[in-house]
Amino acid sequence: KPLVLIARLNSLPGKSSAVIALSAAADKAVEEKEPGMLLHTFDRNPSDKLGFVWTEVYANSAALEFHLQNPDLIKYLTDVNPLLASFTVELYGEVSQAAVDMLEATGTPTTHYKTELGFIRDLTCN
C-alpha cells in the first residue's frame with residue numbers, strides 16, 4: 001500500500017541556498033533512480049524562511065526501503081545535516097517494521113503515525 005513520509009527541516013542561518021542546491025541534486029537523483037517514489041516535492045515553509053518540507057509518497061514499504069539504501073540519499077543526508085538546525089521525519093500509513101527500523105538507523109528523529117482508518121483510491125488509468 002502507498003505511504004507518506006513528511007520530512008521537516010530548518011537550515012542554519014545563511015545556509016538555505018546550500019540546502020536548496022543539495023536538495024535539488026537529491027531530487028533529480030531520486031526521480032531518475034526510484035520508480036517507487038510516486039511524489040517527491042521540496043517546499044518552503046511560508047512562515048519560516050529557514051524552514052522546508054519534503055513530501056514523499058511511496059508505492060509501498062519496499063520503495064521506502066530502496067530509497068533509504070540509495071547512495072544518493074545517503075550522500076545527501078551526510079552533506080545536508082551540517083547545514084541544518086533541525087531535521088525530523090513523520091511516516092503515515094502501513095509501513096513495514098524493517099523500513100521504520102532503517103529510517104531510525106539514520107539517526108533522524110522519526111514518528112510513525114499508524115493508520116486507524118481510511119482508504120486508498122485506485123489511481124490507475126483504464
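Let me begin with a definition: two strands pair if DSSP finds at least two bridges between them, and strands (E, at least two residues) and helices (H or I, at least four) are DSSP runs numbered from the N terminus. This is a predicted model, in which local features need pLDDT of at least 70 and side-chain atom pairs count only at pLDDT 80 or more, while totals for chains, interfaces and linings use all residues. Residues are numbered from 1 along each chain as its sequence is written, and side-chain values use heavy atoms, with hydrogens and water left out.

In which order do the 5 strands of the open sheet stand? The order is β2-β3-β1-β4-β5, with mixed pairing. Because β2 (37-44) and β5 (110-113) stand at the edges, each with a single partner strand, one side of each is left without a neighbour in the sheet. Further in, β1 (residues 3-11) and β3 (residues 51-58) run antiparallel and are joined by 8 bridges, and here Arg8 stands opposite Val53 in β3.

The largest cavity has a volume of about 160 Å³, a volume being the space filled by probe spheres set on the points, which are joined across faces, edges and corners. Of its 17 lining residues, Glu56, His67, Leu73, Leu77 and Phe87 are the closest to the centre of the largest cavity, and α3 gives the most to that lining, with 3 residues.

Conventions
1 Å grid on protein atoms, 1.4 Å probe; cavity = no way out; pocket = protein on both sides within 12 Å on 5 of 7 lines; lining within 4 Å.
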